[in-house]
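Subject: the structure you asked about

Hi,

Here is the structure, followed by my notes on what turned up in it. Have a look at the picture before you read on.

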Amino acid sequence: HCRQFLSHNIVLIGFSGSGKTTVGRYLAEVTGFTCYDVDHMIEQQMGQSVQVVFNRYGEAYFRDREQEIIKQVSAAKHAVIACGGGVVLNSVNVSNLKKGGKLVWMKTDPETIYNRLKQEHDRPLLNGKGIEEIMSMLSKRYCLYEEAADYEVSTDGKSVVHVGYDILRQF
Ligand code: S3P
């Protein structure tokens, strides 16, 4: 464990399907940090899935819950924080996360995202969307990820261990 050598929280940002949750768990294991998965925490708090929260209460409500949770976890120490893909839409989130952490953009091509997500049905903004729609959504967010990021790591064609290693090298 290298917990004692790392002074910043590791904050994972990027589009759906970039591997934030999976790599977050792996990084927590190798660093001894605690993994906070923001979407998962919202689901715990609400007792319902992100998909159901979107359907019942709408996106704005979800974004409010997201902002609250981000504020809480930003105060944690020795944390790996796996964010939802839309976290950068709100600059308050970005400044909260930057207080104790460095933001890593897990950069992923639209084809990879499409292939990773096509079997899944729990992304309210992406369900049933094709590669073209993914590209258009990604291009709208691209500069937000870019501006928010302290570091960038590409994930295409890489294993979890490889991505994890590329991230840890930056810290
Ligand atoms: C969202 C991404 C999702 C989840 C919600 C909204 C987005 O997280 O927070 O469906 O706006 O991109 P993942 O990045 O884990 O899919």
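A quick definition to start: two strands pair if DSSP finds at least two bridges between them. Helices (H or I, at least four residues) and strands (E, at least two) are DSSP runs, numbered from the N terminus. This is a predicted model, so local features need pLDDT of at least 70 and side-chain atom pairs count only at pLDDT 80 or more, while totals for chains, interfaces and linings use all residues. Residues are numbered from 1 along each chain as its sequence is written.

On to the strands. β1 (residues 9–13) runs parallel to β4, with five bridges pairing them, and I10 has K102 of β4 as its bridge partner. β4 also pairs in the parallel sense with β5 (residues 151–154), over four bridges; here V104 is bridged to Y151 of β5. β4 itself (residues 101–107) is largely enclosed by the rest of the structure, because five of its seven residues are buried. (Buried means 20 or more other C-beta atoms within 10 Å of a residue's own, exposed means 12 or fewer, and partly exposed is in between; C-beta atoms are placed from the backbone.)

Next, the annotated positions. UniProt, in an unreviewed entry, lists D39, R63, G85 and R141 under "binding site". Its positions are given in the numbering used here, feature names are shortened, and annotations may be inferred rather than shown by experiment.

D39 sits in helix α2 (residues 38–46) and is buried, because 25 other C-beta atoms lie within 10 Å. Leaving out residues up to four places away in sequence, D39 touches V50 and G84 (contact means C-beta atoms, placed from the backbone, within 7 Å). R141 belongs to helix α7 (residues 131–148) and is partly exposed, because it has 16 C-beta neighbours inside 10 Å.

What surrounds the ligand? The residues are S16, K20, D39, V50, G84, G85, G86, R123, P124 and L125, where near means a C-beta atom, placed from the backbone, within 6 Å. By class, that shell has three nonpolar, four polar and three charged residues. (Ala, Val, Leu, Ile, Met, Phe, Trp, Tyr, Cys and Pro count as nonpolar, Asp, Glu, Lys and Arg as charged, and the others, Gly among them, as polar.)

H78 is partly exposed, with 17 other C-beta atoms within 10 Å.

Cheers

Technical notes. Contact = placed C-beta atoms within 7 Å.
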